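Student: I have a structure to go through. Can you walk me through some of its side-chain pairs?

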Amino acid sequence: MGKSKMNYQNRPRSFQLLPYSLKGKNVTIYRGGPESKTGRLIDVKPDYIVLYSENTVIYYQASHIKSITEDSKANSINMNANQEEEVDYLHAENFVSLMNHFRNNTIQINQGGPDAKNGLLLEVINDYLVLQTNDDGIVYYNIHHIKSVKNAQKNMDNKENIENTAVQPEFLRKTSFNQLFMHMTHSWVSINRNGPEALEGILVENTDGYYTLINNQEVFRIHPFHVRSISVGPKGALKQENNENKNDNKQEESSSEENVLTSSDQVITSSSSDRRTEWSRTSRRSRRSSGERRTSRRNETRRSREKVVKSIDYTWKTR
């Protein structure tokens, strides 16, 4: 059991026989899959390598690299051209130290597949890191299972924006990834984000280093070392909560708009009523004024007729 409980720092390093001779050459990491990238190998460290691909610097953990293929044709062209672009990248003694350089930055863990995830790196503690995400909240990643990492701050235009608040959210600080499991006992947890090995359930006990996860009638026994990531609560709970809050805000805004429209309609109705009343009054005054003018004209006509009659009478009497 002594060897099986070996931590991240003390695991064997026989696999770390990296191809230092390929430094500065064009290579392809992996032969396929989401992690496969082609670019220039710009640095080789004791337990990780640095690849410059498509204007992006990617840091691969050496323990997960299954193959490195050299592009001899492209390398011969580059040697003849003798042109090498200067690239800025992070320098660290090992992969854990490298992760510390990414603190308080938005990173992408792995290049694709079910384990790829973007988030704000809050802390690196021994063999695990703490990542703040928009859909799952705080997620704890086992550093041993991280295949690659890159700075995602410059590539967030078409991706979800990670909230970077001044107040740091609360998270667990334990001495090891295994200690996290002990603290999460009797809680509903989500293990591994996606893929066939994703699990959810209540973490209930620890027996001989294995934990039991219960979900309905299923009982799973898992070892922390083989878990890639873990978080408290169901997967996507924070995203669902945010969507519910947005819907509530939209309903409140809609209700507020309806109230404003109703008030506006009342004002318009009242204004229209006032205008009709005023128009009615004006119409009555206009009719009265018109009637008065017609009456005045009739009276004037009568008076002029009376004058004419009197004039005729007067002329008749003169004769």
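This is a predicted model: local features need pLDDT of at least 70, side-chain atom pairs count only at pLDDT 80 or more; totals for chains, interfaces and linings use all residues.

Student: How many salt bridges does the count come to?

Tutor: The count comes to 10, where a salt bridge is a side-chain nitrogen of Lys or Arg within 4 Å of a carboxyl oxygen of Asp or Glu.

Student: Which side chain meets Asp43 in a salt bridge?

Tutor: That of Lys23, at 3.4 Å, N to O. Asp43 lies in strand β2 and Lys23 in the segment before β1, so the pair ties together parts that are 20 residues apart in sequence. Strands (E, at least two residues) are DSSP runs, numbered from the N terminus.

Student: Is Asp43 buried or exposed?

Tutor: Asp43 counts as buried at 5% relative accessibility, whereas Lys23 is partly exposed at 47%. Buried means under 20% relative accessible area, exposed over 50%, and partly exposed in between (1.4 Å probe, protein chains only).

Student: New topic. Where does Asp115 lie?

Tutor: Asp115 is in the loop between β6 (106–109) and β7 (117–125). Asp115 counts as buried, at 15% relative accessibility.

Student: And what does Asp115 touch?

Tutor: Leaving aside residues up to four places away in sequence, Asp115 touches Ile109, Asn110, Tyr141 and Arg228. Contact means heavy atoms within 4.5 Å.

Definitions and conventions:
Residues are numbered from 1 along each chain as its sequence is written. Side-chain values use heavy atoms; hydrogens and water are left out. Helices (H or I, at least four residues) and strands (E, at least two) are DSSP runs, numbered from the N terminus.
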